[in-house]
Number of protein chains: 2
Amino acid sequence: MATSFAEENYLKIIYRLSESTLEDISTNAVAELTQTKAASVTDMLRKLAEKGWVNYQKYQGVRLTNEGEKIALSIVRKHRLWEVFLVDKMGFNWDEVHDIAEQLEHIESEALINKLDEFLDFPKTDPHGDPIPNKEGILPELGYLHLSELKENKACILMGVAKDSAVFLQLLTRLNLSLGAKLSVKEINPFDRSISLSINENAPVFISHEVAKNILVKLTKD
Amino acid sequence: MATSFAEENYLKIIYRLSESTLEDISTNAVAELTQTKAASVTDMLRKLAEKGWVNYQKYQGVRLTNEGEKIALSIVRKHRLWEVFLVDKMGFNWDEVHDIAEQLEHIESEALINKLDEFLDFPKTDPHGDPIPNKEGILPELGYLHLSELKENKACILMGVAKDSAVFLQLLTRLNLSLGAKLSVKEINPFDRSISLSINENAPVFISHEVAKNILVKLTKD
DNA sequence: AATATTTTTTAGCCTAGGCTAAAAATTTAT
DNA sequence: ATAAATTTTTAGCCTAGGCTAAAAAATATT
């Protein structure tokens with residue numbers, strides 16, 4: 001069955017919200033991300049349920065069905081591959097690509113997206129470190145931790161971010177935090193959980209717990 | 001002023017129709033290319049006139065204003081650049097790219113399209129030989145002739161096509177007619193104006209006047 | 001347990017962009 | 001110069017996907 005622009009957006013957003021929780025997704029949460037009103041969301045959820053893409057019961061929130069998740073994953077795949085294209089081939093910065101990819105993700109051509117995948121050398125992650133589903137909709141398992149979960153004196157490498165708003169990414173850039181940076185947690189302030197962090201062996205800087213929560217890392221042995 | 005998907009399509013189609021005639025464009029002609037009904041076209045023409053993008057008087061047909069032409073040229077630029085991308089970088093054939101480019105032409109990002117232009121080395125023509133407007137909306141002057149205009153015994157090179165439907169392009173491919181082919185008009189049949197044509201010095205084949213009309217060439221000296 | 005607050009849904013409305021059927025204008029043919 | 005045929009417009013209707021305001025359900029507070 002064909003999916004409209006709006007339907008694809010809803011499915012993608014429900015998918016995103018599901019990534020970070022096991023609970024059902026609330027109408028309001030969806031409304032916030034789709035930039036629409038709760039009443040409009042209710043309407044659309046009924047329609048999506050009708051088409052078998054979500055399970056939805058009045059007042060109970062919403063979850064994707066397998067079918068719905070398949071569609072969402074194909075949108076996510078397109079979004080992330082286009083982001084790689086925009087950064088690697090077009091020379092955009094990582095904070096500039098979200099809105100353009102938001103449009104490109106709705107281009108309908110299986111053939112194109114698979115050729116693009118090949119052209120980009122089958123990347124596993126997008127410019128923010130987010131995993132790219134393959135043709136079959138399988139996500140590579142990356143097993144990253146949130147920087148905020150680490151104990152003091154742990155060293156790690158910055159592998160991705162859990163949020164890709166332009167302001168957040170620009171903040172990271174200003175702090176010299178880019179993918180691949182070598183990080184070391186020097187101290188955790190017990191009052192506000194802010195972190196004193198050394199970046200690429202330099203003198204430590206402070207970052208808030210909020211920032212640390214949105215940084216994905218993998219531990220290094222030594 | 002922002003342009004919707006539908007508005008952009010109408011402007012592009014009116015532009016295309018204007019390319020091949022100096023007369024005003026009829027409602028029916030637009031309806032045919034937009035795949036809608038004449039009544040719907042009438043509605044939209046009123047709206048486009050309201051926005052200052054076309055001159056339109058009831059029953060008198062329609063023409064683009066300068067403003068409208070500027071928008072149309074920016075869509076045409078995007079369409080043709082994406083076609084070059086699809087053929088040169090993604091490896092599609094020239095008869096496969098139209099529908100995908102039809103979607104990509106509506107992606108809104110000045111920055112992206114200019115970077116794409118650069119990435120493709122500022123091509124002057126698309127895979128069908130159609131001229132690509134530059135950033136300022138200026139079309140390169142190519143000065144091609146229609147093969148149907150040539151006299152007997154004239155030699156020329158195939159530079160483009162005036163129609164890009166998949167069936168037409170597939171016919172050309174089957175006849176070995178691709179961009180750059182060396183052509184020579186051996187005979188013109190006075191009955192139906194069909195042409196006996198030698199392609200790359202090979203034994204002549206027959207093509208109809210209708211086909212010849214849609215082939216663009218430039219004359220060679222000898 | 002009752003009340004207040006928050007969240008979600010319903011009801012009714014709006015706009016963009018389609019459609020059909022009938023009316024009006026234009027063009028062609030007699 | 002009429003009549004016939006064709007083209008275009010009008011009128012009224014439809015669907016997708018939004019909205020606001022009011023009602024209903026769920027949740028939180030006293």
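The dialogue below takes the protein interface and then the DNA surface.

A: Happy to! This is a predicted model, where local features need pLDDT of at least 70, side-chain atom pairs count only at pLDDT 80 or more, and totals for chains, interfaces and linings use all residues. Residues are numbered from 1 along each chain as its sequence is written, chains are lettered from A and ligands numbered from 1 in the order in which they are written, and side-chain values use heavy atoms, with hydrogens and water left out.

Q: How many residues of chain A and chain B are in contact?

A: Contact means heavy atoms within 4.5 Å. Here 19 residues of chain A meet 19 of chain B.

Q: What area do the two chains bury between them?

A: Buried area is the accessible area (1.4 Å probe) that two parts lose on being put together, summed over both. For chains A and B that comes to about 1600 Å², with 78% on carbon and sulfur atoms. Met90(A), Gln103(A) and Lys115(A) provide 31% of what chain A buries against chain B, more than any other three residues.

Q: Which atoms of DNA strand C lie within 4 Å of the protein?

A: Sugar or phosphate accounts for 82% of them, and bases for the rest.

Q: Where do protein atoms meet phosphate oxygens of DNA strand C?

A: Look for polar contacts, pairs of N or O atoms within 3.5 Å. A side-chain N or O atom of Lys58(A) sits 2.4 Å from one phosphate oxygen. In chain B, Ser40(B) places a polar side-chain atom 2.5 Å from a phosphate oxygen, while Lys37(B) uses a backbone N or O atom at 2.9 Å.

Terms used:
A residue is near a molecule or strand if one of its heavy atoms lies within 4 Å of it. A polar contact is a pair of N or O atoms within 3.5 Å; within protein, one must be able to donate a hydrogen and the other to accept it, and residues adjacent in sequence count only if both atoms are side-chain atoms.
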